[in-house]
Amino acid sequence: MKKEDTVKLISAEGMEFVIDKEAAMVSQTIRNMLTSPGGFAEAEHGEVTFPEISAVILEKICQYFYWSLQYARGKETEFHIEPELTLELMMAANYLHT
Amino acid sequence: MSNQKKRNFHIEAFKHRVVVDPKYAEKIWSILEHAIHEIYNHNASGLSFEELYRNAYNMVLHKFGEKLYSGLVTTMTAHLKEISKSIEAAQGGLFLEELNRKWNDHNKALQMIRDILMYMDRTYIPNTHKTPVHELGLNLWRDNVIHSSKIQSRLLSMLLELIHRERTGEVIDRGLMRNIIKMLMDIGSSVYQEDFEKPFLEVSAEFYRRESQKFIECCDTGDYLKKAEIRLNEEIERVTHFLDVKSEVNITNVVEKEMIANHMMRLIHMENYGLVNMFLDDKYEDLERMYNLFRRVPNGLSITRDVMTSHLREIGKQLVTDAEKLKDPVEFVQRLLDEKDKYDNIINQAFCNDKTFQNALNSSFEYLT
């Protein structure tokens, strides 16, 4: 993956996930973050820190991004969510507008 | 061995703070307020979008949306008042440039603010039926800058003056005009109409009233029509370059009324140069121009048709009395046919083959025979 097409998402614990920009922009919030005029720090450095999202949840979210892109292209598969993650996942999804 | 133990549902404690303490809200708000200041001062690169977004998100989530919204209104209004002062302070020609620059700054800031307050836009605002952030920003700009007493009249007079200068032949900065006019259109079409278009049309009417008076005193019909056509095309071109496309029909109506409709009779009946003379002298170009201009005004063509009809009857009467003197039927018929041909051509080439004129021509000749 070319560096310019990726973005780094960092969880509360400091775990880093490098994913495609296209995947990250499934989240409206991240999309706005990266495309907002005026050069906020995130767009400049290509990395976003989420101090209130844990690594487990963030990992699941990244998986969701990729699943969502696949779904958009027509391949329908089930997105499996472990029940104990549900609540935090919903909160994070609400936050990220996904 | 039993199957895997049933997974115990483990609801973990909320990681988010569930503090409903107003001091907490105060703290978050001051962070956001500071950010808005920095945005307006072009200092946004040090800010973290995520942090601001999260703060706004938490405020709304914990039911402090009202505080956030009213804080936004207050802060933005204060900034706009300051911006207003700096625009007022600009000298002469720089006024429009300064206004334009500040408008661009405001738009950029507004977009950034809307992005960080996106959660409020999505949830709090639809619930309370308040104005969304972007629209709010435009309204505040309108109320505090455009409608500020010192700016409103100065803006209008500068715009009108520049248009006047262009009409008298000067070159003006069309790009700047286009941006300013577009700003008025973005704020609201009623602002464009009330603050600009209405006075623009009034001033234009006055201008063309005076100009047509001047021309009609010194020009013959052909020249006058040439000038009128030039002005009309000029106005249309001006609209395409920097006015709202909807204004085209309004301004052309003004020109048509002042330059053409008001002087129509005088133009048609002008001695030695009027419509009849154009027919006699085969002035195809002038006739075509007259047709194209007169068709734009009410009754323009019907009056033209009537004059043509009575002229043809005159010719007819002439021919008939001449024929009686000549006593040569062939000659009479020949000349009749020649006249018919001539007018057929005129209608064909200059009058766009207009059926109503064709009919008038035919009925005139039937009247003769």
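1. Arg289(B) is buried, with a relative accessible area of 10%; buried means under 20% relative accessible area, exposed over 50%, and partly exposed in between, with a 1.4 Å probe and protein chains only. The accessible areas come from the Shrake-Rupley method with a 1.4 Å probe, and for residues only the protein chains shown count as cover. Arg289(B) is joined by a salt bridge to Glu285(B), with 3.0 Å between the closest N and O atoms; a salt bridge here is a side-chain nitrogen of Lys or Arg within 4 Å of a carboxyl oxygen of Asp or Glu. Glu285(B), at 51% relative accessibility, counts as exposed. Because the two residues are four apart in helix α14 (residues 284-294) of chain B, about one helical turn separates Arg289(B) and Glu285(B).

2. This is a predicted model, in which local features need pLDDT of at least 70 and side-chain atom pairs count only at pLDDT 80 or more, whereas totals for chains, interfaces and linings use all residues. Residues are numbered from 1 along each chain as its sequence is written, chains are lettered from A and ligands numbered from 1 in the order in which they are written, and side-chain values use heavy atoms, with hydrogens and water left out.

3. Over all chains, a search of the whole structure finds 38 salt bridges. One of these joins the side chains of Glu235(B) and Arg167(B) at 2.8 Å, N to O. This pair links distant parts of the chain, with Glu235(B) in helix α10 (residues 221-242) of chain B and Arg167(B) in helix α7 (residues 149-167) of chain B, 68 residues apart. Both Glu235(B) and Arg167(B) are buried.

4. A further salt bridge connects Asp244(B) with Lys246(B), the closest N and O atoms lying 3.7 Å apart. Asp244(B) counts as buried at 12% relative accessibility, whereas Lys246(B) is exposed, with a relative accessible area of 59%.

5. Asp328(B), Glu331(B), Asp338(B) and Asp341(B) form a negative surface patch. Patches are made of residues with over 30% relative accessible area and no salt bridge, like charges being joined within 9 Å and nonpolar side chains (Val, Leu, Ile, Met, Phe, Trp, Tyr) within 5 Å. Lys and Arg count as positive and Asp and Glu as negative, while His and the chain ends are not counted; the place of a charge is taken as NZ of Lys, CZ of Arg, CG of Asp or CD of Glu. Asp341(B) belongs to helix α16 (residues 329-349) of chain B and is partly exposed, at a relative accessible area of 46%.

6. In chain A, strand β1 (residues 6-10) and strand β2 (residues 16-20) pair in the antiparallel sense over five bridges. Two strands pair if DSSP finds at least two bridges between them; helices (H or I, at least four residues) and strands (E, at least two) are DSSP runs, numbered from the N terminus. Lys8(A) stands opposite Val18(A) in β2(A), and Val7(A) has Ile19(A) as its bridge partner there. β1(A) and β2(A) form a hairpin with five residues between them, and Gly14(A) in the turn has a positive phi of about 100°.

7. β1(A) also pairs with strand β3 (residues 47-49) of chain A, in the parallel sense over three bridges. The partner of Leu9(A) in β3(A) is Val48(A). Four of the five residues of β1(A) are buried, so β1(A) is largely enclosed by the rest of the structure.
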